[in-house]
Amino acid sequence: MNFQQLRSIREAARRGYNLTEVASVLFTSQPGVSRQIRELEDELGVEIFERNGKRLTGLTEPGKGILQIIERLLLEAENLRQASQEYSGEKSGTLSIATTHTQARYALPRVVQAFRAAFPQVRVALQQSSPEHIAEWVISGKADIGIATEGLSQFEELVSFPCYSWNHMIVVPEEHPLAALERVSLNDLAAFPLITYDVGFTGRGHIDDAFRQAGIDTDIVLTAMDSDVIQQYVSLGLGVGIVASMAVERNCASGLVALEAAHLFAPNITRLAVRRGAYLRTYMLDFILQFAPQLSRADVETALRHGA
């Protein structure tokens, strides 16, 4: 039994049983992957994969249990590597952070700046995507840390921490009728075309829930992942924007005004997640504590230990 066999099994499950993709990821050949899988099955005396001819089609029932053990073994192997670097005094490395555009643009810059000052030999790799992909990247080990508002607390493979709360705000041109109102209502908003985030991004669910619960139909004419893009199209007069508060607090586009909307939509909580059971090097813990200063090192270590 060897690690290449274990990686072949894990990647086959992750890549939808496509051995061509597995071979590419593992920098080997497709026949080599097939051989590694078959040799491990022969050694264990059990079929891990269901087959249709030579093609893998799924996991057998024993294979599902074996895959969980393989995941743990490979995670511990990675933990061993991280621990050896930590205990040898090596301060260099790469901190891979998967996050959304909004977090990368508005919440992370000052934290990353302070982190780089404290750990100049650590390279920071920012990966931006949807919350679903962020969770997948952390679970698979492609990213060390995931930061998003949606989804991260829903995965058993992750331990997540609440970091900060924020609200949505309304953005309109300075001469827009809504700018003259003392307090905007949902009915006021629904009278105009709306521009906001794609479904699944930056608290969009709370926006939809508010209108749905009030029984109010909306005309959402344009969606985007990027707060700056939303503001740009609001500037062009295409509609009323609903964006994250940090986006307008730090960068409200010229000619636009921001209106309070905390009374309209439920608050959002940005969370930071790491893979359950992962070994966190000192610089990883330091980054977490800089991003969520209300946490203590003991909080993080206890949560990792007990899965809270």
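**Pockets, core and loops**

Trainee: Which residues lie nearest the centre of the second largest pocket?
Mentor: They are A278, Y279, L280, E301 and L304, out of eleven lining residues. A pocket is an open set of points on a 1 Å grid over the protein atoms alone where a 1.4 Å probe fits, with protein on both sides within 12 Å along at least five of seven lines; lining residues have an atom within 4 Å of a point. Two helices, α12 (282–291) and α13 (297–306), each give two or more residues to this lining, and α13 has the largest share with three. Helices (H or I, at least four residues) and strands (E, at least two) are DSSP runs, numbered from the N terminus.

Trainee: Before we go on, where does the model come from, and how are its residues numbered?
Mentor: The model is predicted: local features need pLDDT of at least 70 and side-chain atom pairs count only at pLDDT 80 or more, while totals for chains, interfaces and linings use all residues. Residues are numbered from 1 along each chain as its sequence is written, and side-chain values use heavy atoms, with hydrogens and water left out.

Trainee: What volume does the second largest pocket have, and what classes of residue line it?
Mentor: Its volume is about 240 Å³, meaning the space filled by probe spheres set on the grid points, which are joined across faces, edges and corners. The lining has five nonpolar, two polar and four charged residues. Ala, Val, Leu, Ile, Met, Phe, Trp, Tyr, Cys and Pro count as nonpolar, Asp, Glu, Lys and Arg as charged, and the others, Gly among them, as polar.

Trainee: And the largest pocket, what is its volume and how many residues line it?
Mentor: The largest pocket has a volume of about 1,300 Å³ and is lined by 40 residues. R14, E71, I139, S140 and R275 lie nearest its centre. By class, this lining has 15 nonpolar, seven polar and 18 charged residues.

Trainee: Which element gives the most to that lining?
Mentor: α4 does, with 13 residues. The elements that each supply at least two residues are α1 (3–14), α4 (61–87), α7 (131–140) and β12 (268–275).

Trainee: New topic: the largest nonpolar core. Which members touch the most others?
Mentor: Of its 29 residues, L95, L272, F287, F291 and V300 do. Such a core is a set of buried Ala, Val, Leu, Ile, Met, Phe, Trp, Tyr and Cys residues joined through side-chain atoms within 4.5 Å. β3 (93–99), α6 (109–118), β5 (145–148), β6 (158–166), β12, α12 and α13 each supply at least two residues, and α12 gives the most, seven.

Trainee: Where is F287, and what does it touch?
Mentor: F287 lies in helix α12 and counts as buried because its relative accessibility is 1%. Not counting residues up to four places away in sequence, F287 touches L95, I97, L108, V111, V112, F115, I145, I147 and L272, where contact means heavy atoms within 4.5 Å. With the same exclusion, L272 touches residues including I145, I147, F287 and F291.

Trainee: And the loops? Which residue has a positive phi of about 50°?
Mentor: T202 does, although T202 is not a glycine. Most residues other than glycine have a negative phi. T202 is in the loop between β8 (194–197) and α9 (204–214), and counts as buried at 4% relative accessibility. Y17, in the loop between α1 and α2 (19–25), has a positive phi near 70°.

Trainee: Finally, how many helices and strands does the protein have?
Mentor: The protein has 13 helices and twelve strands. Buried residues make up 46% of its 308 residues.

How values were computed. Buried < 20%, exposed > 50% of the residue type's maximum accessible area, 1.4 Å probe, protein only.
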